[in-house]
Amino acid sequence: MLFTTFLHAKDPADSLLAADEAYNHLLDSITTSLHWQTSQVNLSGAKVTLTLPKEFKYLDAAQSRTVLHKLWGNPERDDVLGMIFPANANVYTDSSYAFIITFDEDGYVKDEDANKIDYKDMLWDIRKSEKEANPEREKNGYQPIHMVGWASQPFYDKDRKVLHWAKELQFGDDSLHTLNYDVRVLGRKGVLSLNAVAGMGELALVKSNIDKVLQIAAFTEGNRYQDYNSSTDKVAEYGIGALVAGGVLAKTGVLAAIGKGLIAAWKFIVIGFVAIAGAIRKFFKGKAAKKDDYDERIKALKPE
């Protein structure tokens, strides 16, 4: 229908209007096809319960993988357990964010040295590592990445066994920096990861809700950090510091020596909400857009 409209539209303005209408129609169809969950959700794969306050909603694993791969253009992953969105946001909402949930069953992460880590030194080490990591990233088709600094310095809540921090990142020469907000909940057999990516302009929005986010996920009884059994349970090959450092460069292999489980810390590059709607809209309205390009984008946007 979209292509037929283009073929019959003599005025370029009519073509743009038709493209805009088709764009809005596709987004509406995506919205109505999604099934959200609220209140309480059990993540059996991670033995975790999510208790969602009214400000948030959950998208299950299958739908989240479709959104990440087909709509946002990330590599396919089979380890995504779901996504947490603000209640008033959707998968293409401008100026918002979402937390992607994964679980790394690498064992019990010791936290004795958590308060001794010098995160200023860690920042410099990460920047030095960029020179080795970025050529490999570019070889694999990704833009070079630069860690501008801590958007929120790492903090470990020893009582709740929750670690969280935020990074300000620059991809390539992009003048719009990316916010990468990470939450890690430590459990008996591994670490639950909640990773949010947005524009730096959303930092205040994320921070205003982070206390509620930190309380959403909890391991079930028998799987909590305090349930660890030193006689039977596996201990992770890395500690608190590696969880933080690995979130930036682990995919390139630079930090692989810390422990192979660390590779999971940067499994996908997530396109922030700030770019999603703008990129799709630019595509439909682009002066140089071709018919076959529209065809490919429409296929990608169609929900399963």
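Colleague: What is the relative accessible area of K47?
Modeller: K47 counts as partly exposed, a class lying between buried (under 20% relative accessible area) and exposed (over 50%), with a 1.4 Å probe and protein chains only. Its relative accessible area is 42%.

Colleague: Before we go on, what are the ground rules for the values?
Modeller: This is a predicted model, where local features need pLDDT of at least 70, side-chain atom pairs count only at pLDDT 80 or more, and totals for chains, interfaces and linings use all residues. Residues are numbered from 1 along each chain as its sequence is written, and side-chain values use heavy atoms, leaving out hydrogens and water.

Colleague: Back to K47: what is its phi?
Modeller: K47 sits in the loop between β2 and β3 (48-51). Strands here are DSSP E runs of at least two residues, helices are H or I runs of at least four, and both are numbered from the N terminus. K47 isn't a glycine, yet its phi is positive, at about 55°.

Colleague: And S39, what phi does that one take?
Modeller: S39 is in the loop between β1 (36-37) and β2 (40-43), and is partly exposed at 48% relative accessibility. It isn't a glycine either, but its phi is positive, at about 65°.

Colleague: Which residue in β8 stands opposite F155?
Modeller: β7 (residues 145-157) and β8 run antiparallel and are joined by nine bridges; strands count as paired when DSSP finds at least two bridges between them. Four residues lie between the two strands of this hairpin, where K161 takes a positive phi near 60°. The residue opposite F155 is H164.

Colleague: On the β9 side, what's the bridge partner of E168?
Modeller: β8 pairs with β9 (residues 178-186) through eight bridges, again antiparallel. That hairpin has six residues between its strands, and G172 has a positive phi near 60°. The partner of E168 in β9 is L179.

Colleague: How many residues of β8 are buried?
Modeller: In a regular strand the side chains alternate between the two faces of the sheet. For β8, one side carries V162, H164, A166, E168 and Q170, the other L163, W165, K167, L169 and F171, and both faces are covered. For β8 (residues 162-171), the buried count is ten of ten.

Colleague: Which strands are at the edges of the open sheet?
Modeller: Eight strands make up that sheet, with antiparallel pairing, in the order β1-β4-β5-β6-β10-β9-β8-β7. Two of them pair on one side only, and these edge strands are β1 and β7.

Colleague: What angle does helix α4 make with β7?
Modeller: Axes are lines fitted to C-alpha atoms, for helices over the stretch in contact (heavy atoms within 4.5 Å), and angles run from 0 to 180 degrees between N-to-C directions. Helix α4 (residues 119-139) lies across β7 and β8, and its angle to β7 is about 140°.
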